[in-house]
Amino acid sequence: MVSKADFHATTSALRSSALFSGLPPAVADQVLEATRVETYPAGRVLFRQDDKADCFFQVLNGWIKLERAKPNGKSTILGVFTRGQSFAEAVAIVDGDFPATAIAATDVTVIRVPSQPLREAILAQPELGFRIIGSTAQHLHNMILQIEQLKSQNGDERVAEFLLSLADCSEGAASIALPFDKQLIAGRLGIKPETLSRAFARLRDIGVEVSGAHVVIRDVKLLQHRLAEGEIRAT
């Protein structure tokens, strides 16, 4: 159950999310009554690949990474999720198994939504089911974009696009705090950590300065232009 201290934050987060916004309060409350807010330190596993999917999650703060193990023992980063984003909705409502392992990439606070009250809410409000289908379609679309990026962009271009996605402005200078460690960034972009380091060094020539977890883009519009025109080349 949701504690009194977390009740308001949880209610606001769920009702403002893409899944629940606009639904009748009674339907949202039906799900809310069974949810709970959980906090995990960086590195903690929320669930493991092939565990029974008895819930889904929405992130309140921090970052979650999804990893899928390969037969050779290595793992692939399937995605990262942050504030306001949800994951594992579809597999939760069909009573399936989690297809990947969820790990806290940073200290993280999430809302755990059990699958049974979610299924009951869908029966009461079928629109919620369509929204979950839409959320699943968005996850699929994001994965297609990642595959396209891996196929069509070199490592330096992927790094530049990632940094631009973190910038809070479209022109002028931008100061960015990298949201998680560089090894995860490299895995998310499909490159090796040493390739990431070399990309940071080469991007310095077009105004990208990296110091630890702090990045400054001197001219956001220039970096956008170079990326759009295919002028960022790995050498």
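Biologist: Which residue caps the N-terminal end of helix 9?

Modeller: D219 does, with a side-chain oxygen 3.2 Å from the backbone nitrogen of K221. A polar contact here is a pair of N or O atoms within 3.5 Å; within protein, one must be able to donate a hydrogen and the other to accept it, and residues adjacent in sequence count only if both atoms are side-chain atoms. Helices (H or I, at least four residues) and strands (E, at least two) are DSSP runs, numbered from the N terminus.

Biologist: Before we go on, what are the ground rules?

Modeller: This is a predicted model, in which local features need pLDDT of at least 70 and side-chain atom pairs count only at pLDDT 80 or more, while totals for chains, interfaces and linings use all residues. Residues are numbered from 1 along each chain as its sequence is written, and side-chain values use heavy atoms, with hydrogens and water left out.

Biologist: Back to the helix, then. Which residues of helix 9 are buried?

Modeller: Helix 9 spans residues 220–228, and its buried residues are V220, L223 and L227. Buried means under 20% relative accessible area, exposed over 50%, and partly exposed in between (1.4 Å probe, protein chains only).

Biologist: Where do they sit around the axis of helix 9?

Modeller: They fall within an arc of 65 degrees seen down the axis, so they line one face of helix 9. The arc is that of the directions from the helix axis to the C-beta atoms.

Biologist: What covers them?

Modeller: The cover includes helix 6 (155–166), strand 9 (174–177), strand 10 (208–211) and strand 11 (214–217). Contact means heavy atoms within 4.5 Å. Just after helix 9, G230 takes a positive phi of about 70 degrees.

Biologist: L227 interests me. What else does it touch?

Modeller: Q153 is one of its contacts. Q153 lies in the loop between helix 5 (126–152) and helix 6, and is buried, with a relative accessible area of 16%. Leaving aside neighbours within four places in sequence, Q153 is also in contact with E148, R158 and E161.

Biologist: New topic: how many aromatic pairs are there?

Modeller: The count comes to seven. Rings of Phe, Tyr and Trp (its six-membered ring) pair if their centres lie within 6.5 Å; planes under 30 degrees apart count as stacked, over 60 as edge-to-face and the rest as tilted. The rings of F47 and F87 have centres 6.2 Å apart and planes at 40 degrees, so that pair is tilted.

Biologist: Which strands hold F47 and F87?

Modeller: F47 lies in strand 2 (residues 45–47) and F87 in strand 6 (residues 86–87), so the pair ties together parts that are 40 residues apart in sequence. Both F47 and F87 are buried. Ring pairs link F47, F57, F81, F87 and F98 into a cluster.

Biologist: And the nonpolar core?

Modeller: The largest has 32 residues, and those with the most contacts inside it are L46, F47, I64, F87 and V110. Strand 3 (residues 55–61) gives the most to this core, with five residues. A second, separate core of 31 residues includes I185, A186, L227 and I232. A nonpolar core is a set of buried Ala, Val, Leu, Ile, Met, Phe, Trp, Tyr and Cys residues joined through side-chain atoms within 4.5 Å.

Biologist: Last one: what does the side chain of T101 reach?

Modeller: It reaches the backbone nitrogen of Q49 at 2.9 Å. T101 lies in strand 7 (residues 101–104) and, at 13% relative accessibility, counts as buried.
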